[in-house]
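This report is an introduction for a reader who has not seen the structure before. Please look over the sequence and the model first.

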Amino acid sequence: GAFTALELIVVDDTAAQLGRSQARNNGVAAAATSCKVTDTGTGDTYTSLQDAVLDADPNQPLTLTFTGTCMERLDIGRTERTTIIGKRTRTSGIPTLDASGTNLPAISMWANTVILRSFTVTGGASPNDGGGISIQSTPVSLIDMTIHDNVAIGGKGGGVYSEAVLGPVVGGVPDPVLTIGGRTVIRDNQATDDGGGVYAGEGIIVRMTGRARLEGNRTMGDG
């Protein structure tokens with residue numbers, strides 16, 4: 001079903017300890033050698049998600065897969081669909097984007113359509129809104145994701161923040177949908193304002209589907 005921002009922020013948001021994410025962010029992060037990214041369209045490989053995004057044609061659809069842990073933060077600003085998929089292997093473990101030490105959102109996006117699937121986002125520490133994922137465009141889909149231990153130090157949406165509707169127009173109106181689906185877990189995030197787990201601004205429709213859940217998030221404001 002569809003949830004408004006007001007309906008969403010009353011979901012359980014109780015157990016994280018304030019300061020956990022700040023304590024993880026004492027070093028300066030750089031792309032880790034265990035991070036292997038593949039552009040499925042060109043076959044090109046990278047050791048950084050950001051490098052792969054920047055190298056791609058912004059006017060063409062982009063699909064990236066990656067393994068390992070990418071120690072970096074990521075900006076996505078594109079006019080065409082962007083899909084990023086984590087691939088777990090026996091040797092590389094759970095695919096992870098870890099922004100520890102950057103003191104910024106782990107992922108910031110102002111793009112047409114973004115799909116994130118099957119990886120972990122952690123270590124984001126925004127001085128404003130959106131610790132883990134800061135969304136300034138829709139539609140966005142988070143499928144089978146784990147978003148944990150991120151913090152919005154001075155604002156809203158410790159795990160996920162969605163505000164402006166800058167996405168494509170469907171039937172003459174914007175498509176203001178944030179889908180959180182599959183087995184996505186948003187946990188142990190925190191915000192000093194509203195929405196420890198997720199904050200959705202006015203007009204944003206949040207659809208929780210499948211087995212997606214929020215747990216153990218904390219805020220000093222509402223929800």
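## The chain as a whole

The model is predicted. The chain has 223 residues, and 52% of them are buried. Its secondary structure consists of three helices and 26 strands.

Among contacts with a separation of 6 or more, 76% join residues 24 or more positions apart. The accessible surface of the chain is about 9,500 Å². Carbon and sulfur atoms account for 50% of that surface.

## The nonpolar core

The largest nonpolar core contains 41 residues. Within this core, the residues with the most contacts are Ile-107, Leu-116, Ile-133 and Leu-142.

## Thr-179

Thr-179 belongs to strand β20, which covers residues 177–181. Its relative accessible area is 17%, and because the limit for a buried residue is under 20%, Thr-179 counts as buried.

Apart from neighbours within four places in sequence, Thr-179 is in contact with Val-140, Ser-141 and Leu-142, and also with Arg-207 and Thr-209. Arg-207 is 28 residues away from Thr-179 along the chain, yet their C-alpha atoms are separated by 4.8 Å.

## Thr-83

Strand β7, formed by residues 82–86, holds Thr-83. With a relative accessible area of 10%, Thr-83 is buried.

When residues up to four places away in sequence are not counted, Thr-83 touches Leu-62, Thr-63 and Leu-64, together with Ile-115.

## Thr-96

Thr-96 is in strand β8, which spans residues 96–98. This residue too is buried, at 12% relative accessibility.

The side chain of Thr-96 reaches the backbone oxygen of Ile-94 at 3.0 Å. Beyond neighbours within four places in sequence, Thr-96 is in contact with Phe-66, Gly-68, Thr-69 and Cys-70 on one stretch of the sequence, and with Thr-120 and Thr-122 on another.

## Threonines in review

Key: Residues numbered from 1 in each chain as written. Predicted model: local features only at pLDDT ≥ 70, side-chain atom pairs only at ≥ 80, totals over all residues. Heavy atoms only, no water. Helix = DSSP H or I, 4+ residues; strand = E, 2+ residues; numbered from the N terminus. Buried < 20%, exposed > 50% of the residue type's maximum accessible area, 1.4 Å probe, protein only. Contact = heavy atoms within 4.5 Å. Core = buried A, V, L, I, M, F, W, Y, C linked by side-chain atoms within 4.5 Å. Areas by Shrake-Rupley, 256 points an atom, 1.4 Å probe, with all protein chains shown as cover. Polar contact = N/O pair within 3.5 Å; in protein donor to acceptor, adjacent residues only side chain to side chain.
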